[in-house]
Amino acid sequence: MELIFLQTCINGLMLGSIYVLIALGLTLIFSIMGIINFAHGEIFMLGGFATYFIGEYYGVNFFLSLIISMMIVATFGVLIERIIFRPLREDPLNLLVISLGLAIVLQNLALIFWGPEDRSIPVDFQGVIKIFGMMFSNERLAAFIISVTLVIGLYLFIGRTKAGKALQAVAQDYEAAALQGININQMNALAFGIGCALASAAGSAMGPVFLVSPFMGIMPVMKAFIVIMLGGLGSVIGSVVGGLILGIAESFGATYLGSEFQNMVGFIILMVILIVKPLGLFGYRE
Amino acid sequence: MESKKRLILVITFLFVLQFALGLGLQPRAEAKELKIAVITALSGAGAEWGRGVLHGAELAAEEVNAKGGLNIGGEKYSFKIVAYDDKYTGAGGAAAAHKAIYEDKVNIIIGSISSASVLAFQDLTEKNKVLVLANSWARDVLKPEKPYSFRMFMSSTQLAPGIAQWVRKLYPDIKTAVTVAPNDASGWSVAEDYVKSYEDAGIKVISKEFPERGTKDYYPMLNRIKAKNPGLIQDGALGVGAVAILTKQIRELDLKALPVGGATIDPDLFVKLCGKKEAEGFIYPSIFDVNSKKPIVVNFLKSFKKKYGEKATITYVDPSFYDATNLLFAALEKAKSTDSTKVRDALETIRQFEGVNGKLEFGGKETYGIDHQLYQSYYIAQIKDGRETTLGWVR
């Protein structure tokens, strides 16, 4: 019994770490630019596909493929921000519609060019580790380590670098930040690029575990929205805590209640928390 | 006299020329066009199979059109396939059928593979006497009250007994099973079929799991059922990607259960997604032998690759709907009419139709109350050393 409980906790933490990674990108974009990017799931999907193609067709090692795909998708993100989102920055409703449209376009383009079939990202560290009777696939462990590394990296970047502090300033008050000489356009592009890079990393990390397909972003982005609502819109620490709570809750729900409850549990927790704390666990009024 | 002879010669020559060149004194009649709707999942969760419906119908229609069309009651008809995306949903299916029937005026629909979609539009199609050649697995798709609906591929109701019997034969020590089927109309129906079949084979189903379609993380579910130590875990047609992931995760968590597939898969794709070691021993039913040397299969594959590319994936749906469309054409010819009631009646009388999937015939009255279920032989296969091995046939 204890073994099932422990395995459930660890499974939940590992799953939650991926939700954190997807949600962080989304929350970063929202906190800097005030945009809810509905195409975030498709950016996640593009990251997965980029890592797949680099590994499958060029024989590049998985971790290097992941880094390269982060750079490619970040660049793509910067271009999207410049061409599509920046002109509509003062019109949030149109931005919402545009991001929805972008999601549909990207998904269908992926379907047209790459087909609906699932693909497996090639890795050379397949296998299973057994620790105190609990089983972990190497792919899941790798996904967990990637997520933790990037979360720590983001934390250090935001807190210890000049660009990171500039991002914080823009998140707090973009007019005041502009008056201080911070280039808002550059910061928006940086935030969007980092957000896309994190989504790409999440897609790449999930690829060996759950396969890559044009539809792989639909469920994770829904989970990411639950996480950022749970943790508080715009709160980085909220995204981390929210992601872990969701992962663990889903794991326990599916293990102890049934598979049908896996997705339901997240929504139930969200409803309860929002009733008690309408702005989320770490949300705040501006 | 001389001029008369010359005139007779000229007329005779023209007469013979007319036949030689196929020209008539009347202008040649243009082939009429018959629109056939294909309602299928072209996007969303079911696109993996949905595209096969369109591919099969398109290929069959193109072949007939290339030969100059089909003779239906003395008139030549060419076929136009009009595709509608139901997104594998009920709402999508209802909207597609509405457009097909009321705007595009079709009276024949090929598809859908989604039970939710077909169940959503059947009231409309039955009311309007529109012939439906579907592939969805929910039992309620076929009923005596739905005389215009046919199922063109064997569902779990037909496949499950064969699988259960073969598992019993090969693994007599297996006493318990768990079914894993998607949480939708198809999945619930499939789970029921496997529960019945395994219990008839003396294997007790100790748990029925219904994860949402598209779920890829089976760890929580497997973690829970590991303690029950099931002898086998039966896939309820989750899709090749999902069942590959499920099988891989069964091995990762060191469950001793035998993974059993519920639908035809592409074995090479399955092994690639699951891993060669993890795929070892996986058992599944199969209706389409891609390595068959039969001319009808070879020609189908050649046409398919020519149209869709060498690397295009063939699922079991592509040849099934190629056969389904050709069956429809045979029924149209036999009916000598495009009237859906006459075509339906003709379809019911077709016996032992030779298709890519072998000999096909309708039956199912004892199960559904109506003989609108297509039957064929199928084989049970197992993955051994990364390749498909045929264990035996179910006829």
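Helices (H or I, at least four residues) and strands (E, at least two) are DSSP runs, numbered from the N terminus. By that rule, chain A has 11 helices and 2 strands. This is a predicted model: local features need pLDDT of at least 70, side-chain atom pairs count only at pLDDT 80 or more, and totals for chains, interfaces and linings use all residues. Residues are numbered from 1 along each chain as its sequence is written, while chains are lettered from A and ligands numbered from 1 in the order in which they are written.

**Chain A as a whole**

Along the sequence, the pattern of chain A is α-α-α-α-β-β-α-α-α-α-α-α-α. Its C-alpha atoms fill a box of roughly 60 × 50 × 35 Å along the principal axes. The radius of gyration (taken over C-alpha atoms; the globule rule is 2.2 Å times the number of residues to the power 0.38) is 19 Å for chain A, which agrees with the value near 19 Å for a compact globule of 286 residues.

A residue is buried if 20 or more other C-beta atoms lie within 10 Å of its own, exposed if 12 or fewer, and partly exposed in between; C-beta atoms are placed from the backbone. Buried residues make up 52% of the 286 residues in chain A. Two residues are in contact if their C-beta atoms, placed from the backbone, lie within 7 Å. Among contacts in chain A with a separation of 6 or more, 75% join residues 24 or more positions apart.

**Where the chains meet**

The contact takes 28 residues from chain A and 31 residues from chain B. On the side of chain B that touches chain A, α2 (47-66), α7 (219-226), α8 and α9 (267-274) of chain B each give two or more residues. α7(B) gives the most, with 5 residues.

A:Phe210 lies in helix α8 (residues 184-210) of chain A. It touches B:Lys216, B:Asp217 and B:Ile245. A:Phe210 counts as buried because 27 other C-beta atoms lie within 10 Å.

**Strands in chain B**

β9(B), helix α8 (residues 240-252) of chain B and β10(B) make a right-handed β-α-β unit. Right-handed means that, with the strands pointing away from the viewer, the path from the first strand over the helix to the second runs clockwise.

B:Tyr284 sits in strand β11 (residues 283-286) of chain B. It is buried because it has 24 C-beta neighbours inside 10 Å. Not counting residues up to four places away in sequence, B:Tyr284 touches residues including B:Val260 and B:Ala381. B:Tyr284 and B:Ile163 are 121 residues apart along the chain, yet their C-alpha atoms are separated by 7.4 Å.

**A one-sided helix**

Which residues of helix α13 (residues 340-349) of chain B are buried? They are B:Ser340, B:Val343, B:Arg344 and B:Leu347. These lie on the same side of α13(B), because they cover an arc of only 105 degrees around the axis. The arc is that of the directions from the helix axis to the C-beta atoms. What covers these residues includes β4 (108-110), β5 (131-134), β6 (149-151) and α12 (317-335) of chain B.
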